[in-house]
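Take a walk through this structure, one stop at a time. The sequence and the model come first, and the reading follows.

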Amino acid sequence: MTDSPLREPTFLVLTALAETPQHGYAVIEDVLRISDGRVRLRAGTLYAVLDRLRADGLIEVEREEVVQSRLRRYYRLTALGATRLADEAARLRRNAEAAGLRLRRAGLLPEEGAA
């Protein structure tokens, strides 16, 4: 694992799995909701991300079941994955706060609390 910033799709997949274990198609739908429709994962992209996250120990398979003759895997966030997601969320928050502060100082954004 590395401390480099997470790519947006990876961040969103971890976010989707933070609340509850999900199978692949549910993750695709949840990422679409979380991103307000901006990020549309294709199945091939999702499973490459899931495989990488499993190899890094950030997620694991919680269970498998057969649905309509097809294997459905449910993935869940590991403790390491939760820590990595929290660290990345904090990094993004710090960056956004720094950008907002500089924009306000430059008069390009209204001061917080101003109408």
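A89 sits in helix 4. Helices here are DSSP runs of H or I with at least four residues, strands are runs of E with at least two, and both are numbered from the N terminus. A89 is partly exposed, because its relative accessibility is 23%. A89 and L12 are 77 residues apart along the chain, and their C-alpha atoms are separated by 11 Å.

This is a predicted model, in which local features need pLDDT of at least 70, side-chain atom pairs count only at pLDDT 80 or more, and totals for chains, interfaces and linings use all residues. Residues are numbered from 1 along each chain as its sequence is written, and side-chain values use heavy atoms, with hydrogens and water left out.

Stay with helix 4 for one more residue. L80 also belongs to helix 4, which covers residues 79-105. L80 counts as partly exposed because its relative accessibility is 40%. Now look from L80 to A106. These two are 26 residues apart along the chain, and 39 Å separates their C-alpha atoms.

Step back to the whole chain. It holds four helices and three strands. Read from the N terminus, the order is α-β-α-α-β-β-α. The C-alpha trace spans about 60 × 30 × 20 Å along its principal axes. The radius of gyration is 17 Å, while a compact globule of 115 residues would have one near 13 Å. That radius is taken over C-alpha atoms, and the globule rule is 2.2 Å times the number of residues to the power 0.38.

How much of the chain is buried? Buried residues make up 30% of the 115 residues. The accessible surface comes to about 7700 Å², and carbon and sulfur atoms hold 50% of it. These areas come from the Shrake-Rupley method with a 1.4 Å probe; for residues, only the protein chains shown count as cover.

Contacts come next. A contact means heavy atoms within 4.5 Å. Take the contacts in the chain with a separation of 6 or more: 45% of them join residues 24 or more positions apart.

Now go inside. In soluble globular proteins, nonpolar side chains tend to be buried together. A nonpolar core here is a set of buried Ala, Val, Leu, Ile, Met, Phe, Trp, Tyr and Cys residues joined through side-chain atoms within 4.5 Å. The largest such core has 21 residues, and V13, L14, V31 and I59 touch the most other members. Helix 1 (8-19), helix 2 (24-34), helix 3 (43-55) and strand 3 (70-77) each supply at least two residues of this core. Helix 1 gives the most, with six residues.

T10 is another residue of helix 1. T10 is buried because its relative accessibility is 4%. Not counting residues up to four places away in sequence, T10 touches V49, R52 and L53.

Move on to helix 2. Its buried residues are G24, A26, V27, I28, D30 and V31. Their cover includes helix 1, strand 1 (22-23), helix 3 and strand 3. Which residues does V31 contact, leaving aside its neighbours within four places in sequence? They are L12, V13, A16, V39 and L41.

D30 is found in helix 2 as well. D30 is buried because its relative accessible area is 13%. Beyond its neighbours within four places in sequence, D30 contacts A16 and Q22. D30 and S4 are 26 residues apart along the chain, with their C-alpha atoms separated by 24 Å.

Backbone angles make the last stop. Most residues other than glycine have a negative phi. Helix 2 is followed by D36, whose phi is positive, near 55 degrees. Q68 lies in the loop between strand 2 (59-67) and strand 3. Phi of Q68 is positive too, near 50 degrees. Q68 is exposed because its relative accessible area is 75%. S69 lies in the loop between strand 2 and strand 3. Phi of S69 is positive, near 65 degrees. S69 counts as exposed because its relative accessibility is 76%.

Note on methods:
Buried means under 20% relative accessible area, exposed over 50%, partly exposed in between (1.4 Å probe, protein chains only).
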